[in-house]
Every structure is written in structure tokens, then in C-alpha cells.
Amino acid sequence: MTNLLLMVGVFLASFGVGYMLISKVPTLLHTPLMSMTNAISAVTILGALLLFAVPTNTAHTVLGAIAITAASFNVYGGFYITDRMLGLFREKGSDSN
Amino acid sequence: MTFLIDFFIISVLIFGIALFREPLKARFGNWTAAFALLCALGLVLYRNGIIDVGTVLIALLVGAVLGHAVARAASMIQIPSIVAFQHGAGGVAAFLVSFVELTRGDHALSLVNEISGVLGLTIGALTFSGSMIASAKLANKMRQAPQILPAHTLLLLSNAALLAMVGSASFFVSSQAATFLFVAQILLAASFGILFSIRIGGADMPVLISFLNATAGFAAALCGMVIENQLLIAFGATVAASGSILTHVMCKAMNRTIAHIFLPNLKKQPLSAPKTTDSAEPAFSLKAKSSGNENDLKRAAAILKEAQKVVFVPGYGMALAKAQQEVAALATRLMGMGIEVKYAIHPVAGRMPGHMNVLLAEAGIDYDMLVEMDEINPHFHFTDAAVIVGACDVVNPSANETEGTPISGMPILMAQNAKNIICCNFDKKPGYSGVENSLYGRENTIMLLGDANKTIRDLSRCLNNGKPETTGETKSSGDITLEAATALACAKKVIIIPGYGMALAKAQFTIAELAALLTEMGVEVKYAIHPVAGRMPGHMNVILAEAEVEYDDLLELEEVNPLFGETDVALVIGACDVVNPAAMQMEGTPISGMPILLAHEAKKIIVCNLDEKPGYSGVGNPLYANPNTIMMLGDAKASANALISSLSRSVGITHHATHGQERTGL
């Protein structure tokens, strides 16, 4: 029960703090924001890794490997494309390209 | 201790997100968040030994290489589709992890774990299938229009009911049977995701993609609850928060509730009704318009040339026509002509939140030129030309003017308030909403139909070679010269206001000559020197000294300003900002509050400037439109010479004005 409370607490606290901060992100940056949070949502990679912390059967190994690949694709691609996008935003007066 | 470390990593992530509040720090914020994720990864590996290291490494590597390749190849126009695809990948990982955790049965799962697992499985799978549909629609691999099956809502609801039944049944059966039920649950959830997203049309994609962002976050958080990992829960919750905010913002911008977008059945009827009323007309006028295209182009170019403020309104059509580079080029050219250019960004223009910002950033446009809806709307009143590029619903005045349409009440960009509207859309068809755009029929709207990329290029071309046409309409230059010369001849007091334009035209000698002639005629002549006229402190003084003007005729700002009230003629030579009354009369311009020379207080004002464009500040000069102002546009030296010869004739003095070699001195 304490476990449940702790987990719900962590969820609510993170949701709340995230909500407060993200509300202040200018609309200018909404696409990069979504792209970055998209990368963060691939945090399921932690769960996928944990599947390999205990002995598994072949079926589970295959599924786990697919999960890791998908999450790794999401996390790497997500952060990379966000960085590319943000690199395009420039302030007035800064040099072009 | 473990909790403290977790807390630290979560704080790093939150810090990264906090950095997103400022454009310049966002890039670092992105890396900070990536670093937080890397720490979390390292921590998990440190706490739990991995048995099958080889498989894990290969899987990680394959994913990263694929992710890199896709992210690198993606152009900015593909971003929404790529992001949706990545959401899908996240969904796959989420439901697979939940599935394996639920089925492998090597350790007892609490009821909480199980419930979270089934939910994670469901949300993960529907995120996956929904994202794939969204991605396909966004990549144009699937029809963008809503696809509605017979009894779609019923199907959706029964699918949801089945999900609930199978989901709850899985708690009460043997583990063997439960495995099958979980598989069934995944399939059901996937079909739910498909049913759910196929009937969402292209323009509602920003909401769908934001919503999927939120569900991906929830799926991750639920995964965290299965394996009781705080990091996963916290990270997932942050994403869920972000997705929820974006969904809310998008809905608000479209003035719709989530239910209207996701369950559009009730709204279907009015959607098609207005479309049919004049559906025959657009096709006809499309043909009619394309013949008169060249004329319209010229008119549009003339408007742009005369404009002081231009606002571009980009829409998804610009993205489709890949016209953002052309738009940026046109804007740069306009700015080079001294025209103030802004971009009006509607929150739902494009296919995902902030889509237009990314596209325009890609075209190298400074982000401080991108102005949000609420901020730009009051400015349309002062805008000479609103250039609409591939946008329809977001500028449709019907949203405010008519009741009962799908867009009624939706906040729009008030392009209709601009003096002129230049619409570079592909056709006159209604936008996604199906509501005819009343803007198209307005008198001050010029429709440039066709591929926006080509239209904008043509417009740029017309700006170049349309020059001679614009000057003919005004009074003949002879009349103006005579008017100005008469004003000068009748004057008792004249103040000359030199600006950098005089230096550029090398007109100082001719001006000195004109001043000498006036003095000879008994007119009192002074020079008003603004501290920032020219390009360096005291610039005008040096230039006039070069033309042998005596320095006690050169009056400084504080000294000369009280004199304008009793001055008959203020003669402005190549000066703009330093005599712009907007500095005193308007708030929020770059020159607001700047001290100026009060030329507008003189009885008559003669302006010998090259053109009517704003000065360096980009702020239009209301002095030019003053009824007491005589505009002598063109080369200042030529204007001054014309004045001299006209004056000489009228006064009857034989003067060698036009030759100018011999200066009269005193």
C-alpha cells in the first residue's frame, strides 16, 4: 500500500511540476517541446532493459529485444531531431546559417 | 539513498524542461533532458545486472542507428510525421514491456502491478496503432480526410467495451488463459487506436498528435508502476503533462472540445452544409482568375511596394507547396526596401503545435519576427498588406461573423483588418472546416491562385520590374516644384533639416546654394541638426561645413524646436526618422520616445526625400501624409536644383543656379 501511495505521489508530483513548467513554454517552441518529450517518453527503455535482468525464455528475449530497439530508436531519434530543430532557431542579428 | 539519487535525476530532467521556456536555452535544455535519461539508464544498469548483454547491446545499437538515420534524413516538413512515428515506437516498447512483465510470472505481481500492466498494455498498443495512422496521414501515405465507417461511433464504443471486458477478465483466469487474453487485449487496443484516428482529419492532427504525446507518457508511467520504478513513473508523468497541455492549447486554439474532435459525429452535418451552397462557384472563378493573373500580380506587387507594414500569414498550404524559402526571400527583399515585415502564427496552422515556427526557422527566419495570434491581431489594423500563404480557416472571418459553422467562435488571425489582402492559396476551395472563406470575395483582396511556391516567386519578380508604373498617378513633378517654390518664395522663415539622405545624394552644395538664394530674397534660413542625423555624431555639421555653411546657422535640437511653430517652411532633405512625429504620438515603435525635430509644427513642410519609405527604424512617417506637406520625391540634389531654377524664374533674378559652379556665398 505504501508502495502504491509512493508511486501515485511521484506521478502526481512530476505531473504537477511538469505542468507548471511546460505551461510557460512559448508557442514558438511547441514543436521542439513535443519532439523532446516524445524522446523522454521512450524512458520505457528502462523497463525493457530490466526484462534482461532475470533469466528469460526465447519468446520473451525476442519481445524484449524488439522493445529495446523501438525505445532506442525513439530516444535517440527524438533527442537528435529536437537538437536539429532547435539549431534552426536563431535570434535577430545572429549570423545566418 | 536510492530515492535521493532518483530524485536527483528527476530534478535534472525537470531542469532541462525548465530551460525550454527560452528559445536560446532550449537547445541546452534538450541535452540536459537527454543527459537525465542517460543517467537513468546507467543507474538501472548499475542496480540490476544484465544477463544477456549481447542481445541488449545489439538491440540498443540497431535502434540508435535507425533513429539517427531517420532523424537526420528528415526535413522539417516531415517533422510531424516523424514525431508521430517515434510516438508509435514508444508505444511498442510500452506494451511489450507490460506484456512480458505480466506474462512471465517469475515473481508475484501485486494487484496494483497487474492493473497498471493491463492499462499500460492497452494504452501502449493504442498509442502505437494510432500513431502509425497519424504518421501515415501526415506523410500523405493515407488520405487525410476523415474516414468514417458505417456506425463508426458504435464500433468504437463496442471496441472500448470489449477492451474493458477482456481487460478485467484477465484478472480472474489462470495465467495460461491470461496470456491469450493479453494478446487479445493488445489486438483490441490496436484496432481501437486505428478506429479512433482514421476519422480524424488532416487539420485536426495537431490535437491527435498532442493527445498521442500524452498517451505515450501515460503508457510509460504505467510501465513504471508495473515494475515499480520511480524514474519511469516520473519521466512518463512529465511527458503526460506536456501532452495534456499541448492538447488543451490546440483545442483552445481551434475553439473545440476534445469530444468534438474525437467524436465528430454530431458535428458532421453543419460541416458539409455550407460547402454545398456555392460549390459550383470556386471552380469557375479559378479559371477566370488565372487568366487575369498577371494583372493581379502587378497589382499585388504595387501594393507591396507602397506598403510600410506587411504581415505574412503562413498555413499548411505553404508547407505543402514548400514555399517557405520563397516566402523568406520575398520578405527579405521587402525588408531591404524598408518595409516592416512580420509573420502571424496561428496556433493550429500546420499539422502539429508550432509547426509553422519550425518551417520558418528552417527557412532562416529570425524567430522574433514570428508573432503569435493574440499579439499580432491588433496590428492588422495598421498593416498595409496581409500576405496569406496557404492558409484558409485560420483567417476566415466567418468564424466571428456567422453562427453555427464548424469554425464559429474559433479564434482567427484578423487578416481582414489589413488595408489589402494578398492571398496566395492553391484554390478558392474552403479549408478543412468546409466553410467558405468570405475573405476571398472582399474588394481589397487580391487572389493569386495556384502553387504558392511559384506565386511568391512571380511576386518577387514583379517587385523588380514593376517600378515605372507606380509613379505616374501622382501630380506632375513640375506642379509640385512650383508649389514648393511658391511656398519658399512667400516664406519669411525657413528651417532646413538635413539627414543622411542629403549626404548620400551629395546634395549639400546645392542646398547651400538654395539657402543662399533664399537669404538673398530676404528669407531667414536656419539649419536644424538632429544629434543622430547621419552616421556619426556631428555628421551633418561636418557635411554642411564642407559646403561652407556657417556654423552659427546650424541649430541644435533643443535650440531649434521652439522655433518651428513660427516657421513658414520646414525643408526636409533626406531625413526621415528624426522628423517622424510617430516617435511622440505612438507607443511601442522602435522610435517611441526618441526626441525629434518638430518639423510638423511648421506651416508648410517640403520633403525632398528619395522615396516615401520609412527610415532605418522601419516606422512609417505620418509627416508625409500631412496636408501641409509637399513631397518632392527623387534625388535630393535634382529636387534642390529644380527649386533653385524655379525660384530664380519666379523672382526674376538671373541666377546660375543649375550650373552650381559659382556659389553666391553672401
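Helix 20 of chain B has these buried residues: B:Ile480, B:Thr481, B:Ala484, B:Ala485, B:Ala487 and B:Leu488. Buried means under 20% relative accessible area, exposed over 50%, and partly exposed in between, with a 1.4 Å probe and protein chains only. This is a predicted model, in which local features need pLDDT of at least 70, side-chain atom pairs count only at pLDDT 80 or more, and totals for chains, interfaces and linings use all residues. Residues are numbered from 1 along each chain as its sequence is written, chains are lettered from A and ligands numbered from 1 in the order in which they are written, and side-chain values use heavy atoms, with hydrogens and water left out.

**Helix 20 of chain B**

- Seen down the helix axis, the buried residues of helix 20 of chain B fall within an arc of 155°, so they line one face. The arc is that of the directions from the helix axis to the C-beta atoms.
- B:Leu482 and B:Cys490 are exposed on the other side of helix 20 of chain B.
- Helices (H or I, at least four residues) and strands (E, at least two) are DSSP runs, numbered from the N terminus.

**The sheet of chain B**

- An open sheet in chain B is formed by 6 strands, in the order 3-2-1-4-5-6, with parallel pairing. Two strands pair if DSSP finds at least two bridges between them.
- Strand 3 (370-372) and strand 6 (445-447) of chain B are at the edges; each has a single partner strand, so one side of each lacks a neighbour in the sheet.
- From one strand to the next, the twist averages 25°. Axes are lines fitted to C-alpha atoms, for helices over the stretch in contact, and angles run from 0 to 180 degrees between N-to-C directions.
- Strand 1 (residues 309-314) and strand 4 (residues 385-389) of chain B run parallel, joined by 5 bridges. B:Val311 has B:Ala386 in strand 4 of chain B as its bridge partner.
- Helix 13 (residues 293-306) of chain B packs on the sheet and touches strand 1, strand 4, strand 5 (420-424) and strand 6 of chain B. Contact means heavy atoms within 4.5 Å.

**Aromatic pairs**

- Over all chains, the structure holds 10 aromatic pairs. Rings of Phe, Tyr and Trp (its six-membered ring) pair if their centres lie within 6.5 Å; planes under 30 degrees apart count as stacked, over 60 as edge-to-face and the rest as tilted.
- A:Phe73 and B:Phe85 have ring centres 5.7 Å apart and planes at 85°, so the pair is edge-to-face.
- A:Phe73 counts as buried at 8% relative accessibility, and B:Phe85 as partly exposed at 36%.
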